[in-house]
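Please open the model in your viewer and keep the selection panel at hand. The tour goes from one selection to the next, with a word on what to look for at each stop.

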2 protein chains.
Amino acid sequence: MVRWEPDAQGRLRLAAMALFAENGYEQTTVAQIAASAGVTERTFFRYFADKREVLFLGGHELETFLAGHVTAAPPAATPLTAIAGALAAAAAAFFTAEHQVRSRQRHLVISSSPDLQERELLKLASLAAAFAAALRERGVSDPGASLVAESGVAVFKTAFGRWVSGDASQGLADIIEETLAELRAVVCAS
Amino acid sequence: MVRWEPDAQGRLRLAAMALFAENGYEQTTVAQIAASAGVTERTFFRYFADKREVLFLGGHELETFLAGHVTAAPPAATPLTAIAGALAAAAAAFFTAEHQVRSRQRHLVISSSPDLQERELLKLASLAAAFAAALRERGVSDPGASLVAESGVAVFKTAFGRWVSGDASQGLADIIEETLAELRAVVCAS
């Protein structure tokens, strides 16, 4: 019954995002997503555990990428510059101008649901833990490692929110750099 | 049937914490908590929507207290010192040596359950939003307000974890001060 579909996952994701944006996340069913992508529900469940997973696909890979860049930073890099380098690399690899519309759609869907926001917070907490672990491996002791990790995640979250809002015409990498400068300004002024 | 109980809420809370610590959070039922406190289940539900609420009682008051202290900080206070003052005031008011055992018990229970951890993350995100709003009222613009707010919450969370672990023999106010100094050291070194 189930045919092999070239990039069925990609089409399911696009179909889901379009339906979430048009009809709302809560109102959209897996049956509608599958029909819109031209596949069966069974095919949907080969790729995603539930409709929520469509929004969090790739999150684990992003975390691994970011923590890996902290580990691979030059030995002389300070904790915050190691994290800054990782965020800049992620911006260049995953969040270019062509991803902005999709990222904004996702951001709006997540903002619409407390359940999705909780999941997003858990993902960010997991990223902070991965950053802290990577810093400890570099010889950074606690509480410094945890504090820089949390600050780095705050920079990412804040910069990402500005980027998807589209208020700034800059790319995400530039916004991250500005946000880091702002963090240093407010923390070091006092 | 339901008699008025002097400080029934306090006794329910103590009974719940003791049962969570002894038998585990998941295994403890509302019926057991009520029986242990010497009240009916109906009395339990006059004070708490469910057993999870026992662990988050007072969270809203703490947030209001903290944000209020940021608002009331001297005009010359920088954003980070305004938050530092609020955290020190909360430590003196709510987290003295006599609260340490109870806070540690609560911390252990929350660490035992992903559901409770999610709720705790939501509470911390709400605190960061309240800090940022209080800073904006003081004329601090974004993204600085959000970044300092998130950093302040990271300091609180990290310091609190050290305090309840009991590794440090210091009070929470001293640990918060040290943690703030560590934040400044790691952010401003780079």
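This is a predicted model: local features need pLDDT of at least 70, side-chain atom pairs count only at pLDDT 80 or more; totals for chains, interfaces and linings use all residues.

Residues are numbered from 1 along each chain as its sequence is written, chains are lettered from A and ligands numbered from 1 in the order in which they are written, and side-chain values use heavy atoms, with hydrogens and water left out.

Begin by colouring chain A and chain B separately.

Next, select Cys188(A) and Cys188(B), which form a disulfide with their sulfur atoms 2.0 Å apart; the term covers a pair of cysteine sulfur atoms within 2.5 Å. The pair crosses between chains, joining helix H10 (residues 172-188) of chain A to helix H10 (residues 172-188) of chain B, helices being DSSP runs (H or I, at least four residues) numbered from the N terminus. The link is left-handed, with -100° about the S-S bond. Cys188(A) is partly exposed at a relative accessible area of 35%, and Cys188(B) is partly exposed at 34% (buried is under 20%, exposed over 50% and partly exposed in between, with a 1.4 Å probe and protein chains only).

Now select Leu121(A), Glu150(A), Leu121(B), Glu150(B) and Lys157(B), which of the 16 residues lining the largest cavity are the closest to its centre. A cavity is a set of points on a 1 Å grid over the protein atoms alone where a 1.4 Å probe fits but cannot get out, and its lining residues have an atom within 4 Å of a point. The volume of the largest cavity is about 290 Å³. Helices H8 (114-137) and H9 (144-165) of chain A and of chain B each supply at least two residues of this lining.

Finally, select Glu120(A), which lies in helix H8 of chain A. Glu120(A) counts as buried at 18% relative accessibility, and Glu120(A) touches Phe56(A), Arg106(A) and Ile110(A), not counting residues up to four places away in sequence.

Conventions: On a 1 Å grid over the protein atoms alone, a cavity is a set of points where a 1.4 Å probe fits but cannot get out, and a pocket is an open set with protein on both sides within 12 Å along at least five of seven lines; lining residues have an atom within 4 Å of a point. Grid points are joined across faces, edges and corners, and a volume is the space filled by probe spheres set on the points. Contact means heavy atoms within 4.5 Å.
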